[in-house]
Amino acid sequence: VDASVLEDGTHYLRLRGKDIVENFGKISQQEDISFIRDTMAPVTEKDLVPYGDIKVDCSGTEESDADVAAKGALTDGCSYVKQGTQITLTATDPDPQQTGEFAGNVIIYYRVWWKLNPEDSWQLDQEGQSDPDEPVTITLARNSYHLIEYWSEDLCGWEEDHHFELDIVDTEAPETTKKIIGPQYYDDQTGKLYIDGVTEIELTCVDPEPHPVDHEEIYYRYRVDDGAWPAEFTKYTGKFKFPEESKHELEYYCIDALGNEETHEFEIDYVDHTKPVTTKTYGTPFYTDGANKWITTQTPITLTADDGDENHDSGVDITQYRVSVSLADNFCENCENWMTSLRPDMGPWNTYADPFTISDESCHVIEYRSIDNVEKTEDIKWQCVFVDDTPPVGTKVVGDPNIICDPDEGCDYWVRN
């Protein structure tokens, strides 16, 4: 009997004999012989159970990056998963006639190939087989590239085409870098970081190599002056500033597409919006008539700067001054109008360290300002002042009648009462 022309399934064979004189035996007296023709390989189904119920499909280049071709061609795709992900393989032998009669005794075989970096060679990480007609479960236990190779074989020796699936295990959390753009000052003594209201906070997140899933998202929130934290985090979409002048405690973190979340970072920034204030005082000699002011070339001029004493004040960085060349007296007599309409060339700024003097007698303009440690610059202040070192000249006039004394009289003039 040529069984190769028969379909897969159960077949029954009846036999009868014939003697030499062409007498046939009765069929009813013969027992049926049955056999199963099975030319079909078993079929294996895969059930991927991602840890944390999160799985991310590959972007398209991972197969070539990892050189899957060195072992085979992907048949079941590629995905990113986390450690602890399980793959359950279940095999069945085809039963085209639905009679329940087939070779069975199916055994599932598998190999797990592993590499850490894309350029590494594939290494055999684990291999095994199932019990006959039983499923088998594979657990992915470490970060790496995993190439899952599996197939089934039935009792007749029919072997299924090998399946290949690439699973990239990424359990490394991404890492966020904070960058401060703009005015800033770190006080080594207090350990405080001061910034300005125009200073920007930039957060950048990177999922570490060698097999990042990427698609990171950054979230942040902050509280002011040790107040309550906002209930919700804000998704980071770009650089931001702190509008309040106060102490800010910032909390931020990054999470990748697999839900790997980095340890939350905290940082305190002190925001200083206020410009410093500089006060000028004259030493002695000094005189004012309520409108104009006079000093000498020896009069010390003192500048005192203050940036406030609040928790968020960054402190004074520098105080500057400059003095004009000698000006006509009428400039000082009408200082405000002249400074508005015809401001003199004041020259470069000097850094104030100690009280200073003005060496030239004349009308002068003094300009001064201070800058704090986060570059908040005070509006320029100015004042006109006369510098006068010339003593007054006295003139004596003797009225009439008068007679000039003789040299031996011991006087200058004789006069009447």
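Student: In this predicted model, is C58 buried or exposed?

Tutor: Burial here means under 20% relative accessible area. C58 has a relative accessibility of 18%, so C58 counts as buried.

Student: Which residue is the disulfide partner of C58, and what is the handedness of the link?

Tutor: The sulfur atom of C58 lies 1.9 Å from that of C78, and the two form a disulfide. C78 is buried as well, because its relative accessible area is 17%. The torsion about the S-S bond of C58 and C78 is about -60°, so the partner is C78 and the disulfide is left-handed.

Student: How many residues apart in sequence are the parts tied together by C205 and C254?

Tutor: A disulfide joins C205 to C254, with an S to S distance of 1.9 Å. C205 sits in strand β15 (residues 200–206) and C254 in strand β18 (residues 247–255), so the parts they tie together are separated in sequence by 49 residues.

Student: What is the handedness of the link between C332 and C363?

Tutor: The sulfur atoms of C332 and C363 are 2.0 Å apart, and the pair forms a disulfide. Both cysteines, C332 and C363, are buried. The angle about their S-S bond is 95°, and the link is right-handed.

Student: Which residue in β19 is the bridge partner of I195?

Tutor: Strand β14 (residues 192–195) pairs with strand β19 (residues 265–271) in the parallel sense, over two bridges. Both belong to an open, mixed sheet of six strands ordered β13-β14-β19-β18-β16-β17. In β19, the bridge partner of I195 is V271.

Conventions: Residues numbered from 1 in each chain as written. Predicted model: local features only at pLDDT ≥ 70, side-chain atom pairs only at ≥ 80, totals over all residues. Heavy atoms only, no water. Pairing = 2+ DSSP bridges. Helix = DSSP H or I, 4+ residues; strand = E, 2+ residues; numbered from the N terminus. Disulfide = S-S within 2.5 Å. Buried < 20%, exposed > 50% of the residue type's maximum accessible area, 1.4 Å probe, protein only.
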